[in-house]
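Thank you for asking me to look over this entry; my remarks follow as numbered points, to be read alongside the sequence and the structure.

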Amino acid sequence: MSRIVKGPLQRLRKDIPLPLYYQLKELIKHQIETKAFKPHDRLPSEIELSEVYGVSRMTARRALVDLENEGFVYRESGRGTFVAEPKLRQGLRRLTSFTEDIKARGMVPGAKVREVELVSDEHVAQKLNVDATETLVKVQRVRLADNLPLALETSYLIHRYCPEIEQSDFTNISLYKVLNEQYGIYLGKAEQYLEAKSAGPLEAQVLEIEEGKSVLLMERTTYLDDNETPIEFVNSVYRSDRYRFYVELKAG
Ligand code: GLP
């Protein structure tokens, strides 16, 4: 309990226009970021916080709810509020696969395969710059890191570039590796959009979150190494409490 009053943000200020719940939230966040509280440590309860900081229980509750919504803490009913594992940081500048990204963090990548089938889809065909009747391979997987669900990923590939790829079992193998090793395909670049959305019923179920919770939608179109021919269109829905995206910006 005493740890919470250490550090630069030691007290709440009633003489400034920042709401108290916000100040309290930032103060706890600072304690988490500086590791005064470590992952899975129990945080003080609403009552304890309200006593220590001289705020109402409503204010303490609002700070904890916001911290939960931002993915810094998780609550267990009857047990309290605990510090969450830090989010995985995903760079946005290199064209990498999920498998590489997760391995680079010392975790074990995996997948639960939901669907592998041949389809045609007008909307996706347009993204891939092919005819609406073109045969596409749809691969839908729940992507796991150390067995925890991180993303629901639906990839569409142009079948004629990778015939019979639908025979592969994607539970433990990388799609990009198969493209490269079995079909000699080298990827050149990808275009990616990132936006926020609310989890629908399927996403909530497979990602083990509440329906309506905010998630990150990433749409990627991947090109062959001529940098002109699309081969893959992917729609990935990431848990926003486990993932954050990072990009370094240079001036000029
Ligand atoms: C990332 C990308 C996807 C890509 C996938 C391939 O998740 N966002 O666009 O399809 O990696 O991953 P893997 O090669 O591990 O199957």
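1. A word on terms comes before the helix pair: an axis here is a line fitted to C-alpha atoms, for helices over the stretch in contact, and an angle runs from 0 to 180 degrees between N-to-C directions. Please keep in mind throughout that this is a predicted model.

2. With those terms in hand, helix 2, residues 46–53, packs against helix 3, residues 57–69, at an angle of about 115°, and the two axes lie 8 Å apart. The crossing of helix 2 past helix 3 is right-handed.

3. At this contact, helix 2 brings Glu-46, Ile-47, Leu-49 and Ser-50, which meet Arg-57, Ala-60, Arg-61 and Leu-64 of helix 3. Sorted by class, the contact of helix 2 with helix 3 holds four nonpolar residues, one polar residue and three charged ones.

4. As for polar atoms, a side-chain atom of Glu-232 lies 2.7 Å from an oxygen atom of the ligand, and a polar side-chain atom of Arg-141 lies 2.8 Å from a ligand oxygen atom. Tyr-176 instead places a backbone N or O atom 3.0 Å from an oxygen atom of the ligand. Of the 390 Å² of accessible area that the ligand has on its own, the protein covers 99%.

Methods. Residues numbered from 1 in each chain as written. Predicted model: local features only at pLDDT ≥ 70, side-chain atom pairs only at ≥ 80, totals over all residues. Heavy atoms only, no water. Polar contact = N/O pair within 3.5 Å; in protein donor to acceptor, adjacent residues only side chain to side chain. Areas by Shrake-Rupley, 256 points an atom, 1.4 Å probe, with all protein chains shown as cover. Helix = DSSP H or I, 4+ residues; strand = E, 2+ residues; numbered from the N terminus. Left-handed = near helix turned anticlockwise from the far one by under 90°. Contact = heavy atoms within 4.5 Å. Nonpolar A, V, L, I, M, F, W, Y, C, P; charged D, E, K, R; others polar.
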